[in-house]
Amino acid sequence: MAIVGYARVSTREQNPDAQAAELRAAGAEQIFTDRGESSRDTERPEWLACQRYLRPGDTLVIRALDRIAGTERMAIEVIRELGERGVRIKSLTEPFLDVDISTPMGEAIVGIMAVMAQLRVSMIRENTRRGLAHARAQGRVGGRPRVMDADRTATARQLREEGKSYAQIGKILGVSAASIYRALSSENP
């Protein structure tokens, strides 16, 4: 009977070390970690490897239910499948997830936990949308700053009229040929 950990971060830039440390502190001997994978994707490489590794009697330790499932339906399916295989699931932030799902009460608790995990994901999305809308209302836009301002675009237009290629103009202005092309194309749709 092994204690197996699973960690996941949504982007490659995020660091899963804190999750891994929590899982080790909870006794995980083996930890599988996905980087840059959505919780809604069922084909996450390390998640698949983790599921293959688990044996009856093992305990899967996760930080939270949203690490393994991105929707209520997925959570219920995963918990049921692992439960049927004799694998226990222990969530570090949702202690009442550690229940016997073979009973009606256990199944009800799992359903409630899945709904709560889905609510948390939905609230994060809603807060992000609200924050972006607020920023836009104040005239701020996300993303990378444009390299082609009005002066550079005017210079690029003039150089293009003189017969220079996009690559040549890009070298002169210190930007990519694609940036020149986009700037000049957006003027003449």
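This is a predicted model: local features need pLDDT of at least 70, side-chain atom pairs count only at pLDDT 80 or more; totals for chains, interfaces and linings use all residues.

Student: Which residues of helix α1 are buried?

Tutor: Buried means under 20% relative accessible area, exposed over 50%, and partly exposed in between (1.4 Å probe, protein chains only). In α1, residues 17-25, the buried ones are Gln 19, Ala 20 and Leu 23. They lie on the same side of α1, because they cover an arc of only 100° around the axis. That arc is taken from the directions from the helix axis to the C-beta atoms. Ala 18, Arg 24 and Ala 25, on the other side of α1, are exposed.

Student: What covers the buried residues of α1?

Tutor: The cover includes β1 (3-9), β2 (30-35) and β3. Contact here means heavy atoms within 4.5 Å.

Student: Thr 59 lies in strand β3. Is Thr 59 buried or exposed?

Tutor: Thr 59 has a relative accessible area of 10%, so it is buried. Strand β3 covers residues 59-62. With neighbours within four places in sequence left aside, Thr 59 is in contact with Ala 2, Ile 3, Val 4, Arg 88 and Lys 90.

Student: How many salt bridges does the structure hold?

Tutor: Side chains of opposite charge can pair when their charged atoms come close. The cut-off is a side-chain nitrogen of Lys or Arg within 4 Å of a carboxyl oxygen of Asp or Glu. By that rule the structure holds four salt bridges. One of them joins Asp 66 and Arg 67, with the closest N and O atoms 3.2 Å apart.

Student: Where is Arg 67 found?

Tutor: Arg 67 is in the loop between β3 and α3 (72-84). Its relative accessibility is 15%, so Arg 67 counts as buried. Asp 66 is buried too. Leaving aside neighbours within four places in sequence, Arg 67 touches Tyr 6, Arg 8, Val 9, Gln 19 and Arg 44. Ser 38 is 29 residues from Arg 67 along the chain, and their C-alpha atoms are separated by 9.0 Å.

Student: Which residues are linked in a network of salt bridges?

Tutor: The network links Glu 126, Arg 129 and Arg 130. Glu 126 pairs with Arg 129, the closest N and O atoms being 3.3 Å apart. For Arg 130 and Glu 126 the corresponding distance is 3.6 Å.

Student: Why are Arg 130 and Glu 126 separated by about one helical turn?

Tutor: Because they are four residues apart in helix α4. Arg 129 and Glu 126 also lie in α4, three residues apart, which is again about one turn of the helix. Glu 126 is partly exposed, with a relative accessible area of 32%. Arg 130 is partly exposed at 47% relative accessibility.

Student: Which residues form a nonpolar patch on the surface?

Tutor: Patches are made of residues with over 30% relative accessible area and no salt bridge; like charges are joined within 9 Å, and nonpolar side chains (Val, Leu, Ile, Met, Phe, Trp, Tyr) within 5 Å. Accessible areas come from the Shrake-Rupley method with a 1.4 Å probe, and for residues only the protein chains shown count as cover. Here Ile 112, Met 116, Leu 119 and Met 123 form a nonpolar patch with about 380 Å² of accessible area together. Ile 112 is found in helix α4, residues 104-137.

Student: What radius of gyration does the protein have?

Tutor: The radius of gyration is taken over C-alpha atoms, and the globule rule is 2.2 Å times the number of residues to the power 0.38. The protein has 25 Å, whereas a compact globule of 189 residues would be near 16 Å. Its C-alpha atoms fill a box of roughly 80 × 35 × 25 Å along the principal axes.

Terms used. Residues are numbered from 1 along each chain as its sequence is written. Side-chain values use heavy atoms; hydrogens and water are left out. Helices (H or I, at least four residues) and strands (E, at least two) are DSSP runs, numbered from the N terminus.
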